[in-house]
Amino acid sequence: VNLLRFNQGQDKFMSGSWDKRIIEWDLQAGGKVCNEFKGNNSEISSMEYRPLFSSVDITKRHGEEDDIESLFGDDEEEEEEETGVKNNLAEEISSTSLNMVYDETTLMTSGLNGVVHIWDKRDSTKPMVTLERGAGTPPWCMSATWDSNTGDKIYVGRRNAHVEAYDLKMATSQPTAALKLPSISGPVSCVRSLPIGCLLYTS
């Protein structure tokens with residue numbers, strides 16, 4: 001195991017490992033496995049929950065509403081109630097603060113093979129979305145992160161001194177932009193997005 005992510009209630013946590021397994025553990029049940037995610041084919045290099053305020057419905061983005069529509073719901077009253085909760089939370093989170101609230105139903109993982117998966121924890125039988133490397137981009141990814149402002153984008157650090165950006169509002173599995181760093185920088189080993197709109201990376 002090389003990655004652990006607690007939920008905000010700290011009663012469950014996710015683990016990612018070199019044997020390619022992604023597992024959810026329940027601390028209230030004595031640390032038993034409560035969920036295992038199928039379909040991953042690479043060693044896990046990063047794992048993050050999605051920021052709460054994303055406007056992208058992952059299933060509708062890929063036209064899979066009919067298969068798991070019930071997971072997200074389409075009741076107007078539920079949507080209005082959820083919007084009210086998000087607005088209240090937004091008032092508590094400053095744009096200059098690192099305090100974050102996450103949508104714990106949606107998980108993003110990256111693998112050493114360079115592929116990024118987005119999972120719905122309520123359907124762990126397969127990744128909901130797979131984001132492929134850009135053309136000419138070599139394998140290897142040690143870090144990926146959500147855009148912390150919206151949760152609508154993902155930034156992926158690459159071996160070839162690039163940070164690729166994926167816009168989930170676009171119906172494509174390919175990167176929509178790339179930040180090219182000086183070649184002397186070397187592989188990007190860690191990338192993070194801050195609420196103030198900055199992107200940090202190390203290489």
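This is a friendly walk through a predicted model of one protein chain.

User: Which elements have the lowest and the highest mean pLDDT?

Analyst: Helix H2 (residues 65–72) has the lowest mean, 41, while strand S3 (residues 22–26) has the highest, 96. Over residues 63–80 pLDDT stays under 50, and the model has 18 contacts beyond four places in sequence for that stretch.

User: How many helices and strands does the protein chain have?

Analyst: Look for three helices and 14 strands. As for how the chain comes together, 53% of the contacts with a separation of 6 or more are between residues 24 or more positions apart.

User: What share of the residues is buried?

Analyst: Of the 203 residues, 43% count as buried. The accessible surface of the chain comes to about 10600 Å², and carbon and sulfur atoms contribute 49% of that surface.

User: Now the charged side chains, please. How many salt bridges are there?

Analyst: Here is the general idea: side chains of opposite charge can pair when their charged atoms come close. In this structure the count comes to seven salt bridges. One of them joins Glu36 and Arg21, whose closest N and O atoms are 2.9 Å apart. Glu36 lies in strand S4 (residues 32–37) and Arg21 in the loop between strands S2 (12–16) and S3, so this pair ties together parts that are 15 residues apart in sequence.

User: Which residue forms a salt bridge with Lys121?

Analyst: That is Glu24, with the closest N and O atoms 2.7 Å apart. The two come from distant parts of the chain: Lys121 sits in the loop between strand S7 (116–120) and strand S8 (129–131), and Glu24 sits in strand S3, 97 residues apart. Lys121 counts as buried at 13% relative accessibility, and Glu24 is buried at 7%.

User: What is the case for Asp120 and Arg122?

Analyst: Asp120 forms a salt bridge with Arg122, and their closest N and O atoms are 3.1 Å apart. Asp120 is buried at 2% relative accessibility, whereas Arg122 is partly exposed at 41%.

User: Let's move on to rings. How many aromatic pairs does a search of the whole structure find?

Analyst: The search finds three aromatic pairs. To read one, check the distance between ring centres and the angle between planes. Phe13 and Trp25 are stacked, at 6.1 Å centre to centre with 15 degrees between the planes. Phe13 lies in strand S2 and Trp25 in strand S3, so the pair ties together parts that are 12 residues apart in sequence. Phe13 counts as buried at 15% relative accessibility, while Trp25 counts as partly exposed at 24%.

User: How do Phe37 and Trp119 pair?

Analyst: Phe37 and Trp119 are edge-to-face, at 5.6 Å centre to centre with 75 degrees between the planes. Phe37 belongs to strand S4 and Trp119 to strand S7, so this pair ties together parts that are 82 residues apart in sequence. Both residues are buried.

User: Which residues do ring pairs link into a cluster?

Analyst: Phe6, Phe13 and Trp25 are linked that way.

Note on methods
Residues are numbered from 1 along each chain as its sequence is written. This is a predicted model: local features need pLDDT of at least 70, side-chain atom pairs count only at pLDDT 80 or more; totals for chains, interfaces and linings use all residues. Side-chain values use heavy atoms; hydrogens and water are left out. pLDDT is the predictor's confidence in each residue, from 0 to 100. Helices (H or I, at least four residues) and strands (E, at least two) are DSSP runs, numbered from the N terminus. Contact means heavy atoms within 4.5 Å. Buried means under 20% relative accessible area, exposed over 50%, partly exposed in between (1.4 Å probe, protein chains only). Accessible areas come from the Shrake-Rupley method with a 1.4 Å probe; for residues, only the protein chains shown count as cover. A salt bridge is a side-chain nitrogen of Lys or Arg within 4 Å of a carboxyl oxygen of Asp or Glu. Rings of Phe, Tyr and Trp (its six-membered ring) pair if their centres lie within 6.5 Å; planes under 30 degrees apart count as stacked, over 60 as edge-to-face and the rest as tilted.
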